[in-house]
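This briefing covers a sheet, a group of aromatic rings and a helix pair. Please keep the structure in view while reading.

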Amino acid sequence: MERIGDKVISRAEITDAASATFADSTVIPDRYARPDEVRDGVVVGSDESYELPVVDMARLLHPELSEAEIAKLGSACRDWGFFQLTNHGVDETVVQDMKDNTLQFFGLPLEKKKAVAIQANGFEGFGHHYNRASSEKLDWAESLILVTQQHEQRNIQFWPANPSTFRDALDKYSVEMSNLTSRLTVFMASDLGVEQEALMGTFQGKTQSVAFHYYPPCRHPDKVRKNGRWYPLNPLPGAFVINVGDILQILTNGTYKSAEHRVLPDVEKGRATVVMFQNACVAGMVKPLPELGEATYKAIDHVEYVKGNFSALAEGTRFVDSLKIM
């Protein structure tokens, strides 16, 4: 259940209200407007010159080019906390099938999407997940969140059966993303100067989840923030946008930085995103790898980390900052 104003309503009612609002996206109700956040930080002007990081997987794999490309990867993770990955080797058909099924799902009538609606006190399923408890602000998006790995952790009742190809498309996409994570961590380990098994082992066998979002038309482009300034991001055709998450920031003892970013809707048309999350921990604990020197973050049980992170998300704060050893 969620509280909006003085009325307690269910997530399903939030979805109903949101869908009615999205039908007229030229009018933004107060519960969705975040003018202070939009104005927070300076947006880099179109007349300024800057280059956002791009990493080429083909070069990472090339015997003669790998060293230089690993340095680019490390620089992107240290200085920006994100990069675009080209020539990633993920099956294009699998990617396109996932895109098509995502758009088909969000294009269904509301009643059909509610067949996999989020349940009371739950998190998986379709609905409006990201309300801010402190401000009672809502995100301008419909969402579908699912656990994808490991297989025994899947709650298949929340996986849409409509469109009929959705489950198969997501299963294949999930495997591709797991394989891509394994490939990338090999090169990250090399950049960090740790054994491959040390970093890869923190990800292997851990939970993977996915968040699908649909954003109706609105009035702002994508941005990534660095040093208090927002940089517009223009995705490269066929590339993946890879973000360093908070857990990886902790695992690397602050060497890699988790990027602050926001996804804002297209001006003229709706858009959808598919975001994969890969959990990681060291023997059940979220803590820095011991190989990376004296810990600058407190160790915390993974379950407690997840709870704390969700609470901070609801408050609009970053839980990772509370774990920093001062």
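Which residues form one aromatic cluster? The members are F105, F106, F126, F166, F212 and Y214. The model is a predicted one, and its aromatic pairs number 9.

**Aromatic pairs of F105**

- The ring centres of F105 and F126 lie 5.9 Å apart with the planes at 80°, so this pair is edge-to-face; the cut-off for that class is an angle over 60 degrees.
- F105 belongs to helix 5 (residues 92–106) and F126 to strand 6 (residues 125–127), so the pair ties together parts that are 21 residues apart in sequence.
- Both F105 and F126 are buried.
- For F105 and F166 the ring centres are 6.1 Å apart and the planes stand at 55°, so the pair is tilted.
- F166 lies in helix 7 (residues 166–192) and F105 in helix 5, so this pair ties together parts that are 61 residues apart in sequence.
- F166 is buried, as is F105.

- Three strands make up an open sheet in the order 4-5-11, and their pairing is mixed.
- Strand 4 (54–56) and strand 11 (240–243) are the edge strands, each pairing on one side only.
- From one strand to the next, the twist averages 35°.
- Strand 5 (residues 82–86) pairs with strand 11 in the antiparallel sense, over 4 bridges.
- L85 has F240, in strand 11, as its bridge partner.
- Helix 4 (residues 66–79) packs on the sheet and touches strand 4 and strand 5.
- The direction of helix 4 makes about 150° with that of strand 4.

**Helix 4 against helix 7**

- Two packed helices are described by the angle between their axes and the distance between the axes.
- Helix 4 and helix 7 pack at an angle of about 85°, and their axes are 9 Å apart.
- Helix 4 and helix 7 are therefore roughly perpendicular to each other, a class that takes angles of 65 to 115 degrees.
- On the helix 4 side, the contact is made by S66, I70, L73, G74, C77 and R78.
- On the helix 7 side, F187, M188, S190, D191 and L192 make the contact.
- The residues of this contact between helix 4 and helix 7 divide into 6 nonpolar, 3 polar and 2 charged.

How values were computed
Residues numbered from 1 in each chain as written. Predicted model: local features only at pLDDT ≥ 70, side-chain atom pairs only at ≥ 80, totals over all residues. Heavy atoms only, no water. Pairing = 2+ DSSP bridges. Helix = DSSP H or I, 4+ residues; strand = E, 2+ residues; numbered from the N terminus. Axes fitted to C-alpha atoms, helices over the stretch in contact; angles between N-to-C directions. Contact = heavy atoms within 4.5 Å. Phe/Tyr/Trp six-rings, centres within 6.5 Å; stacked < 30°, edge-to-face > 60°. Buried < 20%, exposed > 50% of the residue type's maximum accessible area, 1.4 Å probe, protein only. Parallel < 35°, antiparallel > 145°, perpendicular 65-115°, else oblique. Nonpolar A, V, L, I, M, F, W, Y, C, P; charged D, E, K, R; others polar.
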